[in-house]
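This report concerns the strands and aromatic rings of a protein chain. Please keep the sequence and the structure in view while reading.

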Amino acid sequence: MKIETIAIHAGNHIDAGTRAVVQPIITATTFQRGEDGGFPGGHIYTRASNPNRTSLEQLLAKLEGGEDAAAFSSGNAAGMSVFQALEPGSHIIAPDDMYHGLRNQLKLLFAGILEVDFIDVNDSEVLQAHIRPNTKLIWLETPSNPLLKITDIKQVVAISANHGIRVVCDNTFATPLCQQPLALGADMIMHSTTKYFGGHSDLLGGALITAKKDAFWEKVRTVQTMGGAVPSPTDCYYLTRSIKTLPYRMRGHMNNAQLLAEYLEAHPKVERVMYPGLPSHPQHAIAKAQMAGFGAVLSFQLKGGEAEAKRVVNAGQLFTQATSLGGVESLIEHRASVEGPDTKTPFNLLRVSVGLEHIDDLIADMERALG
């Protein structure tokens, strides 16, 4: 089936009792056991599994072409479960530009438990030089947050395969509409489902999708079940519902992002635009080779420095200054001020999540903000 059909049908089950076309929300926290003490309905306790979460996980696995998926209460919880599944003393290689929430997990929560190097994973010589005997994971994020760097997934997978290292890719910015890392050789995918999967800035969630149900995946599942950072049945229901429109929403997002990026690149007050759909992007050729679309997040730097960036971020009417991305409404943010004192993000950089408003209105609003 094509991805539009998968999005609509893979997470839905007609209710056996009522024949309702849309699967109902099952809010029960516990389920009746059979006379033999077994679980004829397949569920024991909602922290371990729930009909709505099972449907969501089946949908996510099929969207990304994986064998299985695990849903979590947030993207941070999903990423953290991978780190928790590693043996203490394991070494992780992570990109030098990545989502600060997971970067801070590695630097703060796992300090003294896991060893981490943040490097330019696009440089194959640098990558190979940092591989150690205890390297167990290479974490990728492509496009990256907030500099929109593109990583050649096949290149990293080829290097990791020679050392038996697992590759996990944060695919939040791309979604399966733009990029399918498992098909490129990655072992696992992470998503903040809060973003494009939810699509309306009103759901919190995360997910992992695995290429194979191996021993490491079982450890991740154990972390999910025992840790209990799982989404509610209601959140699973609404997330499954939102995903039904994901393919069509993403096309609108990406079309707007491309046009806005081209407008910004031509603006005299803009120093640089970071968007993989632009030929000027340093890894545009890699993006074209491994992506079916370029996503809908872009960053740009202003010639007037930090003061001008902070002026512009507050000057729009349609672009709301807020953290997050992937909703139908356009958001803009001065990213360095969010990431904290150790940020490496330029202070004249603004990150934009391009929404589904009419592109003419978005460009007009940006024109007013830039002055």
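Ala 70 stands opposite Leu 208, a residue of strand 7. In this predicted model, strand 1 (residues 68-72) and strand 7 (residues 206-210) pair in the antiparallel sense over 5 bridges. Strand 1 is mostly covered, as 5 of its 5 residues are buried. From this strand, Asp 68, Ala 70 and Phe 72 point one way, while Ala 69 and Ala 71 point the other way, and all are buried.

The second topic is the aromatic rings. A pair of such rings is described by the distance of the centres and the angle of the planes.

| Pair | Distance of centres | Angle of planes | Class |
|---|---|---|---|
| Phe 83 and Trp 139 | 5.2 Å | 55 degrees | tilted |
| Tyr 237 and Tyr 238 | 5.0 Å | 85 degrees | edge-to-face |

Phe 83 lies in helix 3 (residues 75-85) and Trp 139 in strand 4 (residues 135-141); the two residues are 56 residues apart, and their pair links distant parts of the chain. Both Phe 83 and Trp 139 are buried. Ring pairs also join Phe 83, Phe 110 and Trp 139 into a cluster.

Is Tyr 238 buried, partly exposed or exposed? Its relative accessibility is 33%. Buried means under 20% and exposed means over 50%, with partly exposed in between; Tyr 238 therefore counts as partly exposed.

A charge is also found over a ring: the charged end of Arg 251 sits over the ring of Tyr 248, 5.1 Å from the centre of that ring.

Conventions:
Residues are numbered from 1 along each chain as its sequence is written. This is a predicted model: local features need pLDDT of at least 70, side-chain atom pairs count only at pLDDT 80 or more; totals for chains, interfaces and linings use all residues. Side-chain values use heavy atoms; hydrogens and water are left out. Rings of Phe, Tyr and Trp (its six-membered ring) pair if their centres lie within 6.5 Å; planes under 30 degrees apart count as stacked, over 60 as edge-to-face and the rest as tilted. Helices (H or I, at least four residues) and strands (E, at least two) are DSSP runs, numbered from the N terminus. Buried means under 20% relative accessible area, exposed over 50%, partly exposed in between (1.4 Å probe, protein chains only). A charge sits over a ring if NZ of Lys or CZ of Arg is within 6 Å of the ring centre and within 35 degrees of the ring normal. Two strands pair if DSSP finds at least two bridges between them.
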